[in-house]
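Student: Could you take a close look with me at how the helices in this protein pack against each other, and at what sits around the ligand? I'd like one connected walk-through, please.

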Amino acid sequence: MRKILLLFICFICFSFSFAADKKTLVHNFNYEDLGTQFKVYDVTGAVVDSDISSATVIKDENSATGFGNVLHVKVGDVASYIEFEIPNGMTGTKASGEFHTLTFTILRPDGQPETFKGTFTLSFGNTVSLKTNSGDINAPVSVETTLSYGVNKVSSVSKKFRIGFNIKNVEYYLDDIYFWSVNYNYDYTDPLQTARYHADQIGKNLGVCVSPNQLNASTREGQTIYRNFNMLVGENAMKFDATEPSRNNFNFSQGDAIVNFAQKYDMEVRGHTLAWHSQTSQWVHDGKYSKKEMLDILKNHIFKVVGHWKGKITEWDVVNEVLQDGQNPGVGGGYQLRTNSVWYERCGEEFIDSAFVWAHQADPDAILYINDYNIGHWGGGHYENGKTHGMYNLAKRLKEDGIPIHGVGMQMHTSVGNLRVDEIEKTVQEFEKLGLKCIITELDMPGSNPSTSSEQTTQATKYAGLADIICRYDNAPSMVVWGIADNKSWLENCEQTKPLLFEPNFAAKKSYLKIVDTFEKYAVAASFEPVIADEEELLPAVVDVYNLMGQKVASQMLMEDIETLPAGLYIVGGKKIYIR
Ligand code: XIL
């Protein structure tokens, strides 16, 4: 069932001002102060005739909507850019690590194309410094889409700026234009500002892999871990060679250190991993064991390890990397299993099914995953497609055979250039149809040119895009990064490629901050939910419903039928209602 959120306008203002520690509002464009008609220019800077394009403030006289004014932009045969004035000018002086951002809301009136495809342009003052952002501008009707753009070069003399799209013959509404100063050197000492804080609110997990020597709460590293993440995975501590170094001789000390730290700081733990071709103790390889002995060894290992942490570890990567590289089974096809695995060589496929059954017997509450790399790009000709479909076919087969498998882990050792967020979302949706979770388990995103701010922005946008998926899908509850600081990753050259969320000195990177913003957005929306219970008391039983432009979309509708409206934001009785 869809949920209705009542958004009280004053509360929204509140949430902006409270975020001030990392984000300061530099300017809020209030149309009430700025006249009614705005000048419009073409891309060369020539004025566009008002017969062709116009930008007019619409006075919202309708008290039922309770909203301020909005700018109605009509663009004719010439791509047009609207000029705004910044009464006191924008200061160009920025401390190191500080960043300016513009956010605004665009609304698409009825009858307009579903997606604005085009380049967004923001230009400042006379010394025009352009910030362009290509790609689709997605502005569904009546839904607020907040876009944010980094502004790199605001000249100190800038008192004017222009914004627009290189699209002809469109019409849209523009509102809530804000300039922010964002401090990306923000030191996360305030627990109420962290990604973990917001993730906790919405029941999602931002995880990280660790080794016990990183878990010293008196160090900056230890603090970074418990303040910013709510899930831990042993980078190596729970693997076969760490836990069973000689036959039936178990060593849980490393894993215990992680579990204890997690419990102290109220974090979840993922167990990684039970059956893997790599980091399996040498004695298993050397022992020349028969199939039956190998299965006995695996069964004993799983019962001892899962049993030891029963109730303390919420989920396990039961089998890891069992699929062959470079396969192309195609839709509806089969899958190819990795042949260079000591488990597969000696037991055949059976070890996979058995491992799940034993893990389930050892801890019936544990959530059980199959985990692999190069999984997540469903279509689009991406090089991962074949293995992704192989995983789908294997997981489907296990599910149909009644094996207790609950989800698929996409390791996502990828790169800024290769990752396609939309493809990951498709994969999540496909596994959802199978009734399986689909999570991100070992994310890192090296860049090819990470000292450039454009690649930093792309990395941040992709990290945030994945966080957004985590927030929107019930079957994708977690996202785990494979390391904390850029200089300490398992990846070679990590210092150069900067794959992770924190600087070597544990300062938050833009990528981390964007994840905070994403989780915060959903946490704020979720915080409105308690109001729903009282909706009948707050609103009349029969209501007129307006879109954000103040246009009536339904007359005298029963409140109880309100969920039948298409997803989006509406105004009812002076309150914003979000139907999703
Ligand atoms: C890596 C660790 O990060 C390294 O410290 C170790 O030397 C090798 O393993 N896929 C996995 C992880 O499932 O367990 C791997 O971790 C990275 C690839």
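This is a predicted model: local features need pLDDT of at least 70, side-chain atom pairs count only at pLDDT 80 or more; totals for chains, interfaces and linings use all residues.

Tutor: Now look at some polar atoms facing the ligand's oxygens. Trp 482 has a side-chain N or O atom 2.9 Å from an oxygen atom of the ligand. For Asn 236, a polar side-chain atom lies 3.0 Å from a ligand oxygen, and for Gln 279 the distance from a side-chain N or O atom to an oxygen of the ligand is 3.3 Å.

On to the helices. Two packed helices are described by the angle between their axes and by how far apart those axes are. Take helix H7 (residues 291–308) and helix H9 (residues 350–362): their axes come within 9 Å and cross at roughly 30°. Angles under 35 degrees count as roughly parallel, so H7 is roughly parallel to H9. Their crossing is right-handed. On the H7 side, the contact includes Leu 295, Leu 298, Ile 302 and Phe 303, while H9 brings in Phe 351, Ala 355 and Trp 358, among others. Sorted by class, the residues of this contact are 10 nonpolar, two polar and three charged.

Next, find helix H10 (residues 385–400) and helix H11 (residues 421–433), which pack at about 15° with their axes 11 Å apart. That angle is why H10 and H11 are roughly parallel to each other, and the crossing is right-handed. Here Thr 388, Met 391, Tyr 392 and Ala 395 of H10 meet Thr 427, Glu 430 and Phe 431 of H11. The classes in this contact are four nonpolar, two polar and one charged.

H11 has another partner to look at: H11 and helix H12 (residues 453–472) pack at about 20°, and their axes are 9 Å apart. Therefore H11 and H12 are roughly parallel to each other, with a right-handed crossing. From H11 come Val 421, Ile 424, Glu 425 and Val 428, and from H12 come Lys 462, Gly 465, Leu 466, Ile 469 and Arg 472. That contact holds five nonpolar, one polar and three charged residues.

Methods
Residues are numbered from 1 along each chain as its sequence is written. Side-chain values use heavy atoms; hydrogens and water are left out. Axes are lines fitted to C-alpha atoms, for helices over the stretch in contact, and angles run from 0 to 180 degrees between N-to-C directions. Helices (H or I, at least four residues) and strands (E, at least two) are DSSP runs, numbered from the N terminus. Angles under 35 degrees count as roughly parallel, over 145 as roughly antiparallel, 65 to 115 as roughly perpendicular and the rest as oblique. A crossing is left-handed if the near helix is turned anticlockwise from the far one by less than a right angle, and right-handed if clockwise. Contact means heavy atoms within 4.5 Å. Ala, Val, Leu, Ile, Met, Phe, Trp, Tyr, Cys and Pro count as nonpolar, Asp, Glu, Lys and Arg as charged, and the others, Gly among them, as polar. A polar contact is a pair of N or O atoms within 3.5 Å; within protein, one must be able to donate a hydrogen and the other to accept it, and residues adjacent in sequence count only if both atoms are side-chain atoms.
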